[in-house]
Amino acid sequence: MSIARLLDPYSRAHEVSDDLESFFWVLVYEVVRYKNDKGMNLEDSMKHVFDWHSEPDKAGFVKGGDGKLDCVAGIKFSASIIETLVETPCCAIIEEMRSVLHDLYLHMEAVDLIACVQSRIAEKRKNDPRVEQAREKLQTSDIFLAMFERHLGTGWDIADDGNLDVIEPQADPLASRNGGKPKADDSGDEEEN
Amino acid sequence: MTAHADAYNRTRILHRDVSEGNILITEEGAGILIDWDLSKKVIEDADREPRRHSRTVSGRSYISRGFRVLTELLPREHGNSCL
């Protein structure tokens, strides 16, 4: 889910850029979860990036996105970590996607801000041409598709890239609803996360 | 991502729920974007209006059912790559 939607789902309608951003999060998630064959401890970062949410405000609204802002800023799952996890062009794709999202969310904060800070941020974003350029780039899927096209053209071997899952399976709250049946053992067509 | 772009470019329908669990990978390594239940037709002029009070949906159940069929059946039969 995009940072914009996590911060405020009501400020505007869902846009192409939100879905494109979701593809970036899928890719990052898959890499940090399944490509961690060096055994780095990334669980805290994963929780921060993918699960962070605020306490409910007075109206009961809960925000997300702080951890994802840290990720697009390169603070969480920095380029050094990503390139340690994936040596294939996948790493380059992530960094190229990240650089567009970095610009899209420049100057933004997820914490609850007083009005004068909000207007300062709005002013900075308005005056920073990179924000509008990133927004333009994400009006269509073309830029992201071109990134994949370019890098897949380099002969990236996807046949067997040795994925593994190092996170211990945890009790799934949904499992009880399904009678605790382990999923995807015989269906053969489910990708389980 | 290709399936997503095709749906949007041809019909202005956005998936709106792209996530790990909604991308299947075939044995051949092709991706399939599934679960279009939350998909919605983008209404161009009203696009940037705040939606706190109005949630405009255009033919949602019909469209999402149609796309379920398209995305869940067609790619498997024809091996379309979606990611």
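Predicted model: local features only at pLDDT ≥ 70, side-chain atom pairs only at ≥ 80, totals over all residues.
A92(A), I93(A), E96(A), M97(A) and V100(A) of α6(A) contact I143(A), F144(A), M147(A), F148(A) and H151(A) of α9(A). Helix α6 covers residues 90–104, and helix α9 covers residues 142–152. Their axes come within 10 Å and cross at roughly 160 degrees. Angles over 145 degrees count as roughly antiparallel, so α6(A) is roughly antiparallel to α9(A). The crossing of α6(A) and α9(A) is right-handed. An α-helix has 3.6 residues a turn, so residues three or four places apart point the same way.

Chain A holds nine helices and zero strands. Its pattern along the sequence is α-α-α-α-α-α-α-α-α. Among contacts in chain A with a separation of 6 or more, 65% join residues 24 or more positions apart. Of the 193 residues in chain A, 27% are buried.

The largest nonpolar core contains 45 residues. F23(A), V28(A), V31(A) and I94(A) have the most contacts inside this core. Helix α2 of chain A, residues 16–34, gives the core its largest share, nine residues. Leaving aside residues up to four places away in sequence, I94(A) touches L27(A), V28(A), V31(A) and I82(A). In soluble globular proteins, nonpolar side chains tend to be buried together.

Helix α2(A) has 19 residues and reaches 27 Å from its first C-alpha to its last. That is close to the 27 Å expected at 1.5 Å a residue. Of its 19 residues, 15 are buried, so α2(A) is largely enclosed by the rest of the structure. Helix α7(A), residues 115–127, has 13 residues. It should span 18 Å at 1.5 Å a residue, and its end C-alpha atoms are 18 Å apart, which agrees.

Most residues other than glycine have a negative phi. H107(A) is not a glycine, yet its phi is positive, at about 70 degrees. H107(A) sits in the loop between α6 and α7 of chain A. It has 15 C-beta neighbours inside 10 Å, so H107(A) counts as partly exposed. In chain B, R16(B) is likewise not a glycine and has a positive phi of about 70 degrees. R16(B) lies in the loop between β1 (13–14) and β2 (23–25) of chain B. With 19 other C-beta atoms within 10 Å, R16(B) is partly exposed. A residue needs 20 or more such neighbours to be buried.

Conventions
Residues numbered from 1 in each chain as written. Chains lettered and ligands numbered in written order. Helix = DSSP H or I, 4+ residues; strand = E, 2+ residues; numbered from the N terminus. Buried ≥ 20, exposed ≤ 12 C-beta atoms within 10 Å, placed from the backbone. Contact = placed C-beta atoms within 7 Å. Core = buried A, V, L, I, M, F, W, Y, C linked by C-beta atoms within 7 Å. Expected span 1.5 Å × (residues − 1). Axes fitted to C-alpha atoms, helices over the stretch in contact; angles between N-to-C directions. Parallel < 35°, antiparallel > 145°, perpendicular 65-115°, else oblique. Left-handed = near helix turned anticlockwise from the far one by under 90°.
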